[in-house]
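Please keep the sequence and the structure in view while reading.

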Amino acid sequence: MYSDKVMEHFMSPRNTGSMPDADAEGTVGDPSCGDTLTIYIKVKNGIIGDISFLVFGCTASIATSSMTTVLAKGKTLDEANEITEQNVIDALDGLPEEKQHCSNLGVSALRKAIRNYINKQHTK
């Protein structure tokens with residue numbers, strides 16, 4: 001059902017954990033399945049230097065959250081904001097059709113964290 005890459009990111013997710021000193025965070029949930037994800041970012045000179053996540057969800061939610069952080073780390077805010085659900089799915093060598101909605105969580109939380117960071121910069 002799942003690709004080797006999905007299972008790798010499920011069994012050994014990258015960039016996990018909360019980040020108390022994060023510059024911004026984004027939290028999203030999927031009411032249809034009960035999954036919830038928070039992505040934390042630290043930004044230096046417009047680049048995501050550190051990123052982590054906490055997720056409550058299924059295999060696909062954990063794997064897509066992990067892959068989203070891998071894709072975003074080291075990118076500029078603009079580059080990270082351009083990451084799509086399909087980018088995440090492709091990087092994981094695919095997801096079953098009924099689990100593709102899980103990729104929305106990672107991308108949505110990442111974009112929300114970026115928006116929150118930008119909003120904080122404008123209020124300083």
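## Helix α5 and its surroundings

The buried residues of helix α5 pack against β1, β2, β3, α2, α3 and α4. The model is a predicted one. The buried positions of α5 are Cys102, Ser103, Leu105, Gly106, Val107, Ala109, Leu110, Ala113, Ile114 and Tyr117. An α-helix has 3.6 residues a turn, so residues three or four places apart point the same way. The length of α5 can be checked against expectation: at 1.5 Å a residue, its 21 residues should span 30 Å, and because the end C-alpha atoms lie 31 Å apart, the two values agree.

## The sheet

Three strands make up an open sheet in the order β1-β2-β3, with antiparallel pairing. Its edge strands are β1 and β3, each of which pairs on one side only. Direction ignored, neighbouring strands of this sheet are turned by 15° against each other on average. Helix α5, residues 102-122, packs on this sheet and touches β1, β2 and β3, and its direction makes about 145° with that of β1. Helix α2, residues 59-72, lies across β2 and β3 and runs at about 175° to β3.

| Hairpin | Residues between the strands | Turn residue with positive phi |
|---|---|---|
| β1 and β2 | four residues | glycine 34, about 85° |
| β2 and β3 | two residues | asparagine 45, near 55° |

Seven bridges join β1 to β2, the latter covering residues 35-44, and within this pairing alanine 24 stands opposite isoleucine 41, while glutamate 25 stands opposite tyrosine 40. Between β2 and β3, the latter covering residues 47-56, there are nine bridges, and here threonine 36 stands opposite phenylalanine 56.

In a regular strand the side chains alternate between the two faces of the sheet. Strand β1, residues 24-30, has a covered face made of Ala24, Gly26, Val28 and Asp30, and an uncovered face made of Glu25, Thr27 and Gly29.

## The nonpolar core

Which residues of the largest nonpolar core touch the most other members? Of its 29 residues, they are Ile39, Ile41, Ile48 and Leu110. At least two residues of this core come from each of β1, β2, β3, α2, α3 (77-81), α4 (85-91) and α5, and α5 gives the most, with eight residues.

Isoleucine 41 shows how such a residue is surrounded: leaving aside residues up to four places away in sequence, isoleucine 41 touches Met19, Ala22, Asp23, Ala24, Ile48, Asp50, Ile51, Ala113, Ile114 and Tyr117.

## Histidine 9

Histidine 9 is found in helix α1, which covers residues 4-11. Is histidine 9 buried or exposed? Because its relative accessibility is 3%, histidine 9 counts as buried, the cut-off for that class being under 20%.

The side chain of histidine 9 makes a polar contact of 2.7 Å with the side chain of serine 66, and another polar contact, at 3.5 Å, links the side chain of histidine 9 to that of arginine 14. Both partners are also found among the residues that histidine 9 touches, which are Arg14, Ile62, Ala63, Ser66, Met67, Val70 and Leu92 when residues up to four places away in sequence are not counted.

Conventions. Residues are numbered from 1 along each chain as its sequence is written. This is a predicted model: local features need pLDDT of at least 70, side-chain atom pairs count only at pLDDT 80 or more; totals for chains, interfaces and linings use all residues. Side-chain values use heavy atoms; hydrogens and water are left out. Buried means under 20% relative accessible area, exposed over 50%, partly exposed in between (1.4 Å probe, protein chains only). Two strands pair if DSSP finds at least two bridges between them. Axes are lines fitted to C-alpha atoms, for helices over the stretch in contact, and angles run from 0 to 180 degrees between N-to-C directions. Contact means heavy atoms within 4.5 Å. A nonpolar core is a set of buried Ala, Val, Leu, Ile, Met, Phe, Trp, Tyr and Cys residues joined through side-chain atoms within 4.5 Å. The expected span of a helix is 1.5 Å times one less than its number of residues. A polar contact is a pair of N or O atoms within 3.5 Å; within protein, one must be able to donate a hydrogen and the other to accept it, and residues adjacent in sequence count only if both atoms are side-chain atoms.
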